[in-house]
Amino acid sequence: MSALPTSQLFDPSDPVFRVHVGGKLGVHATSELRDAADLSLLYTPGVAQVSRAIAADPTLAAVYTSRRNTVAVVSDGTAVLGLGDVGPLAAMPVMEGKAVLFKHFADVDAVPVCMETGSVDEIVDAVARIAPTYGGINLEDISAPRCFEIERRLQDRLDIPVFHDDQHGTAIVALAALLNAVRVVDKDLADLTVVVSGAGAAGVAVSRILVSAGVGDVVVVDSRGVLGPDRDDLVAHKRELREVTNRRGLTGTIGDALSGADVLIGVSGGTVAERDLMRMAPRAIIFALANPDPEVHPIVAARFAEVVATGRSDFPNQINNVLAFPGIFRGALDSGARRVTEEMKLAAAHAIAGLVDAPTADRIVPSVFDERVAPAVADAVSARVLGGVR
């Protein structure tokens with residue numbers, strides 16, 4: 001967290017603070033309460049009939065309650081944006097913002113659920129206990145490696161979609177961007193060597209989806225170097241990742257990994273030196289996604305790569321999760337999916353990529369304000385569910 005005094009952090013006259021006064025969310029009723037007749041239908045005695053029906057058949061809750069269109073945005077505030085562990089109260093503005101995006105882009109009602117940091121057991125149990133209220137769980141800004149186990153255990157325990165957006169939203173959009181970037185540089189996925197800088201939440205998910213998509217070789221690098229056969233210091237999730245990546249058994253530094261590599265995807269927040277970028281293959285691709293400070297500044301990256309993307313909105317090719325998560329949940333809710341599968345993620349990536357008819361170096365993903373995106377992703381996800389992939 002910043003060491004600046006509060007007086008330098010907080011200016012109530014700043015437009016940023018003014019727009020957040022009172023929060024960014026409210027509650028509205030979907031049925032009018034005009035008179036006693038409405039009251040008897042919306043509440044007692046009429047509501048008892050609906051409760052009895054749901055008690056007899058719990059699936060009716062998806063028809064007759066707000067559960068059918070409501071997602072919990074769950075965070076413990078341990079990995080908020082680039083701020084780190086700021087706690088649940090400071091996470092609230094971010095989770096409210098996420099809820100606004102859900103509503104605007106996919107008409108999904110999302111509710112922030114910010115909880116005190118606890119053990120994995122405590123968080124899993126807390127989320128599972130409130131899950132009957134929601135049709136899906138969006139995990140957000142939970143630190144690695146805890147986030148991996150929390151997501152896995154909730155997926156095993158619940159019969160509704162559980163989706164950690166920091167992992168899979170980033171991965172889906174990164175793959176969509178790569179599908180179009182290779183068209184620009186006239187290369188094939190199966191022939192690519194991709195170096196992923198970062199083995200945290202996003203790095204793991206990006207690496208895994210690239211492998212699933214058929215990328216030739218994915219080499220993952222953390223702060224100590226390549227996840228190679230010589231590393232005996234790896235925690236569980238990095239050992240598991242090493243099992244499905246680095247098929248050539250590379251070792252060494254990121255510079256060694258980048259020698260002849262076609263693609264660099266940065267999700268680490270570190271800095272990649274120019275001397276290492278010089279070792280990349282001709283017609284290279286660089287996605288420097290750390291925000292607000294990319295691993296390679298896009299102006300520098302353009303000296304070494306034909307296609308450059310960042311996580312920022314002030315440069316071309318913003319890799320923004322909002323291209324994925326609203327449509328993912330819209331499709332999952334509409335189709336009654338019980339989980340978000342790898343096939344759904346791949347379908348979503350192809351749907352996003354397909355909205356750019358003629359990719360160029362400066363346009364490999366659609367605009368976040370392209371109204372076609374969420375419906376296209378939702379349709380792709382629903383098709384996988386209705387086709388038997390649940």
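Q: How many bridges join strand 5 to strand 6, and do the two run parallel or antiparallel?
A: As a general idea, strands of a sheet pair through backbone hydrogen bonds, either parallel or antiparallel. In this predicted model, strand 5 (residues 193–197) and strand 6 (residues 217–222) run parallel and are joined by five bridges, with V194 standing opposite V218 of strand 6.

Q: In what order do the six strands of the open sheet lie?
A: The order is 7-6-5-8-9-10, and the pairing across this open sheet is mixed. Strand 7 (225–226) and strand 10 (307–310) are the edge strands, each of which pairs on one side only. Helix 9 (residues 165–185) packs on the sheet, where it touches strand 8 (263–266), strand 9 (285–288) and strand 10, and its direction makes about 155 degrees with that of strand 9. Helix 10 (residues 201–213), for its part, lies across strand 5, strand 6 and strand 8, running at about 165 degrees to strand 5.

Q: Which residues of the largest nonpolar core touch the most other members?
A: In soluble globular proteins, nonpolar side chains tend to be buried together. Here the largest such core has 99 residues, of which I137, L178, L210 and F287 touch the most other members, while helix 9 gives the most to this core, with 13 residues. Leaving out residues up to four places away in sequence, F287 touches A174, A177, L178, A181, L264, I265, G266, A309 and I364. Another core, of 20 residues, lies apart from the largest one and includes V221, A257, L258 and V296.

Q: Is T70 buried or exposed?
A: T70, which belongs to strand 1 (residues 70–75), counts as buried because its relative accessible area is 8%, under the 20% cut-off.

Key:
Residues numbered from 1 in each chain as written. Predicted model: local features only at pLDDT ≥ 70, side-chain atom pairs only at ≥ 80, totals over all residues. Heavy atoms only, no water. Helix = DSSP H or I, 4+ residues; strand = E, 2+ residues; numbered from the N terminus. Buried < 20%, exposed > 50% of the residue type's maximum accessible area, 1.4 Å probe, protein only. Pairing = 2+ DSSP bridges. Contact = heavy atoms within 4.5 Å. Axes fitted to C-alpha atoms, helices over the stretch in contact; angles between N-to-C directions. Core = buried A, V, L, I, M, F, W, Y, C linked by side-chain atoms within 4.5 Å.
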